[in-house]
Amino acid sequence: MFAYQNKMSSKDLKFNSKTIHGGQHPDKAYGAVMPPIYQTSTYAQSTPGGHMGFEYSRSANPTRTALENSLASIENGQYGLAFASGLSAIDAVIKLLNPGDEVVSTNDLYGGSYRLFKQIFEKYGITFHFIGMQSLETIASHINDKTKLIWVETPTNPMMNVIDIVGVSKLAKEHNLLLAVDNTFATPYLQRPLDLGADIVMHSATKYLGGHSDVVVGALVVNDKDLADKLYFIQNASGAVCGPMDSFLTLRGIKTLHVRMQRHCENGKVIAEYLAKNPKIEKVYWPGFETHPNHDIAKSQMDDFGGMISFVPKGSSYEDAIKIVENLKIFTLAESLGGVESLAGHPASMTHASIPKEEREKSGVVDALIRLSVGIEDADDLISDLEQAIG
C-alpha cells in the first residue's frame, strides 16, 4: 500500500482552492482523488458497535461526509450537513423550535419556504412574521419574548432585496436569537454569512453549488457544536438525507463553483445593464446598480453581485410576461436557477404561485415580473435572445 501526501489544512487555503481541496483527502483504500460513490445502505461490524465510523447510511455515508466537509470548508464553518433538498434543510432548522415560538422572516422569500412556514409549521403553533427587512428598525419592532429565530434571504427571491447580515446579527445577539441565512443566491463565492455573524447558513445546493441542474440537495453549515449536534440529531431522526450519488454530483459541482460564479457575475452585469437601457423595460432588479435599495450593504457584504436578475416589461400584463418567457430560445423556461444554462421564470405562476396574490404584490412580485438566472453562455447570444423575445 502506498502512502499518499497529507493535505494542508483548509484554513490555510483561499476560496478558489477550498472549492477543490477544502475538507477533502484522497480515499484511504486506493488513493482515489475523488471520493468514491459508496452506494451502500449498511456496513459490516466486527462486533455490535464495532465499525469503521459508519454503520447505516441514513446516519452517515462516506460520500455524503465528504460533501459535508466541503460545504463546511467553503462557508468557513465547522460543521456541514447535507439533506435531500433545500426545503428539508429548512425543515430541520424549524424543528429546533417549539409550539408558541415565533419567527421573523422577510416578506420576499422563496415560495417554497413560505409554503413550508405557513402551511406546515403554523399548524403546530409556530408563528411567522413576514416583513420587509431592509430596515433594522422594522425588524427590531417585530421581536418579542416569543421570538426565537430570524430567517433571512439575501439577495431575496425574486426581488433581489439586500439585507444587512451584520446588522441583523447584532439584533439577534442582543435578544439571544438564532439567525439563519439562506445563501442560495449569493453562494459562499460572493458572501459568507457565518463570518458576518449568522448562526446557520442554508443552501439549496440544487442551484449554484451543484451548478448543472442534475441534482436536488440541501445544506446547512454552522460553527457551534451544540447547535450542530441538535441539527445532526434531527437530520438522522427525520431521515431527509441525500444519497451517495447526489452527494458525489454536488461535490463535483462545488469543485468548479469559483470559475462558474465568475462568469455568472460577468454575464449578469452585462444583461442587467442591457435591460436597464432597454426602453421597453420598466424596472430591473439587480443588486449591482447604485440605485438598488441597500446597494451599499451589498457592496460591503458581497464580493460581486451575482447572476440573478428580475425585471418588469413596460405596460405588461400577466399574459404579456408569459408570452415573453415562452418566446425565449436560449433561456430555458424552467423552475430553479444557478445552472450553467440560462433559465427564465415567471414567479407569479411558478416559484411563488403558493403565495396569495395580495401577499405577493405587497413585496413587488407582480404578475408581469420575470426572473432570470443568467448562465455562462456567451453574453451576446443571451442579449440577442432577450431582444427577439421582448420584441
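Which residues are linked with K357 in a network of salt bridges? The network joins K357, R360, E361 and D367, a salt bridge being a side-chain nitrogen of Lys or Arg within 4 Å of a carboxyl oxygen of Asp or Glu. The model is predicted, and local features need pLDDT of at least 70, side-chain atom pairs count only at pLDDT 80 or more, and totals for chains, interfaces and linings use all residues. Residues are numbered from 1 along each chain as its sequence is written, and side-chain values use heavy atoms, with hydrogens and water left out.

The secondary structure of the protein consists of 14 helices and twelve strands. Helices (H or I, at least four residues) and strands (E, at least two) are DSSP runs, numbered from the N terminus. The radius of gyration of the protein is 21 Å, which agrees with the value near 21 Å for a compact globule of 391 residues. This radius is taken over C-alpha atoms, and the globule rule is 2.2 Å times the number of residues to the power 0.38. Along the principal axes, the C-alpha atoms fill a box of roughly 70 × 50 × 35 Å.

Of the 391 residues, 54% count as buried. Buried means under 20% relative accessible area, exposed means over 50%, and partly exposed lies in between (1.4 Å probe, protein chains only). The accessible surface comes to about 16,800 Å², and carbon and sulfur atoms account for 52% of this surface. Accessible areas come from the Shrake-Rupley method with a 1.4 Å probe, and for residues only the protein chains shown count as cover. Among contacts with a separation of 6 or more, 72% are between residues 24 or more positions apart, where contact means heavy atoms within 4.5 Å.

The protein has 35 positive and 45 negative charges, and their mean positions are 3 Å apart. Lys and Arg count as positive and Asp and Glu as negative, while His and the chain ends are not counted. The place of a charge is taken as NZ of Lys, CZ of Arg, CG of Asp or CD of Glu.

Side chains of opposite charge can pair when their charged atoms come close. The structure holds 13 salt bridges. One of these joins E122 and K118, with 3.3 Å from N to O. E122 is partly exposed at 27% relative accessibility, and K118 is partly exposed at 32%.

Helix α10 (residues 257-277) contains R263 and E266, which are three residues apart and therefore separated by about one helical turn. Their closest N and O atoms are 3.4 Å apart in a salt bridge. R263 has a relative accessibility of 37% and counts as partly exposed, as does E266 at 38%. Helix α10 also holds E273 and K269, four residues apart, or about one turn of the helix. The side chains of E273 and K269 form a salt bridge of 2.8 Å, N to O. E273 is partly exposed at 30%, and K269 is partly exposed at 42%.

Two serines were also examined. S73 lies in helix α2 (residues 62-74) and is buried, because its relative accessibility is 8%. Apart from neighbours within four places in sequence, S73 is in contact with S10, K18, G22 and G23. The C-alpha atoms of S73 and K14 are separated by 10 Å, although the two residues are 59 residues apart along the chain. S373 belongs to strand β12 (residues 370-373) and is buried at 1% relative accessibility. Not counting residues up to four places away in sequence, S373 touches several residues, including Y208, G307, M308, F331 and L337.
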